Amino acid sequence: MSWLSDFIRPKLQAVVRRPAVPDLWTKCPGCDRMMFHKELEAQLQVCSACGHHLQMPVSARLKLLFDDGSYELMELPEVEEDPLRFRDRKRYSERLRLARADSDAADAIAVATGRIGARPCVTAVLDFGFMGGSMGMAVGEGLVRAAEFSKKHKQPLIAVTASGGARMQEGILSLMQLPRTVAAIEDAREAGCPYIVILTHPTTGGVTASFAMLGDVALAEPGALIGFAGPRVIESTVGETLPENFQRAEKVCELGMVDVVVPRSELKPTLVRVLAHLTNGPLPSPEDTGESSTAVAVIA
Amino acid sequence: MQHFLDFEGPIAELEGKIRELRHLSGESDLNIVEEVARLQSKTQLLLQQTYAKLTPWQLTQVARHPDRPHTLDYVGALIEDFQPLAGDRCFGEDHAMVGGLGRFRSRSVVVLGHEKGRETAERVRRNFGMARPEGYRKAVRLMRLADRFQLPIVSFVDTAGAYPGVGAEQRGQAEAIAQAIRTCLSVGTPIVSVIIGEGGSGGAVAIASADRVLMLENSVYSVISPEGCASILWRTNDQADAAAEALRLTAADMKNLGVADTVIPEPVGGAHRNPDPVLKSVGRHLETALTALEGKDPHTLVAARRKKYIDFRRI
Ligand SMILES: [Zn+2]
């Protein structure tokens, strides 16, 4: 081997290969099957072999929920940035910069308005890809804005959760987002707005200990990990061994903590049905809501 | 047996000498009296110097000191005719969360608080102050009781956090905490919380989403323990001091950040060395806070409390 193959080739390989391989194929965490990205996208990020629900990008989630895949993103106001000037092995400001470079979002939340089942709704979606969906002031602000919009326009409020919990790098300010989000959501609920939570993998910590567990109706995706303390914390802190399927959506539902576990293909129609009943309104036909029914057909 | 913290080594040594001298001075000789007085003033000075510049990690240890006054000490000192109330009417009674009815300075109140317990058996019975869902559901029940009878709520916060156990998870720990926060933010009666020791994350804010939050000078309030934070962000357990520093968890920090309204000073050497003035002082501050909130109608109270949190550090 020459210096050429040692130094030039690996670099070249990196340039040529990196964008190609990992982006086009994904290994199913459930059954290890390799899946082509187009196939996964068409199947709403659900493995066709084993039914495993992979995490869904925020934009795909919004497209899935809103009629005709059409929605308007709410512009969220700025929040204080790194007020604690937090630094661990890395500066928090640096971690934020990297996360933003990776995601083109400003933080771990998107809020969108549009129609769901022909009904105007506001939806807040947490982005696990952005620092583990952790809740700091920006996520809190997004929830508050969504709840305020809901209250003002008397629209149902929908929260799609995926989060490791509070954002440690914002210290106590992240803990204050628990009462903050709950206060905003209670205002909307008391104004008569239905509040629906869709729990996706994983939803834990400060997010479950606040707005995520307070839905008028709680839907959960199959296999989603839902709990307060993460499994590792439980094992290491109290040394208890975890029962099978511990904190998995199906088990959590069995224990009475959520209303129903809904496969992604059924999520939209289930949400529309629940909203129709809670508002005592009509149940629109799939054509009215732009349901192509192809996505559903592929899964079923 | 007095419990000394790591950084109190020199103080422990001096106090040990004083005890020894006193033990020896059966025949009460003048030299010993003088020597004891000299050592005592030296100890006092050392305490002053040590406690004037505690690091956040040292403060955390003071906040966790087993001899600090606990919730039941405050209840004993400040609440008359206390009637403990038990149970969540659902699963059980959680001894980590105490609560009941009592009279505070001529008004009846509902009292809530985490209780860590003192002797080993008691500490185990109280699960070291780490409440399970039953504890938070009991808190919800008692807050609703307070709402129904228009009694102010006083809560004492002293917990490492909500208990992270399998059973607690299975019975809905997260939901129980969320409901407690929701109830704090929905009762039409004044709520005043005092962080007396450790304010550990969701388990603390569950009973501290209040109109007024008071903090003892050597108490801490944090989203995660310094050890937990270090193990996640530093990937090692021996960086708890760095994590404590970064988290900004002291009472002074809470006042600066707008989380706490008032910091209640402690005597030199901390509340665990001299609890009586602290118990009295907490009583005075509670009285001031409650008086300012009384007489407001329930809707105004709830609206103001929610607004306080919704507008928290909003630009
Ligand atoms: Zn699979």
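Colleague: Which residue of E7(A) is the bridge partner of A:Ala159?
Modeller: This is a predicted model, where local features need pLDDT of at least 70, side-chain atom pairs count only at pLDDT 80 or more, and totals for chains, interfaces and linings use all residues. Residues are numbered from 1 along each chain as its sequence is written, with chains lettered from A and ligands numbered from 1 in the order written. Strands E6 (157-163) and E7 (195-203) of chain A run parallel over six bridges, a strand being a DSSP E run of at least two residues and a helix an H or I run of at least four, numbered from the N terminus. Within that pairing, the partner of A:Ala159 is A:Val197.

Colleague: Which strands are the edges of the open sheet in chain A?
Modeller: The sheet has seven strands with mixed pairing, in the order E3-E4-E5-E6-E7-E8-E9; strands pair if DSSP finds at least two bridges between them. Two of them pair on one side only: E3 (71-73) and E9 (260-261) of chain A.

Colleague: Which element gives the largest share of the side of chain A that touches chain B?
Modeller: Here 47 residues of chain A are in contact with 41 of chain B, contact meaning C-beta atoms, placed from the backbone, within 7 Å. The elements of chain A giving two or more residues are H6 (137-153), H7 (171-175), H8 (177-190) and H9 (231-238). With eight residues, the largest share comes from H8(A).

Conventions:
Two residues are in contact if their C-beta atoms, placed from the backbone, lie within 7 Å.
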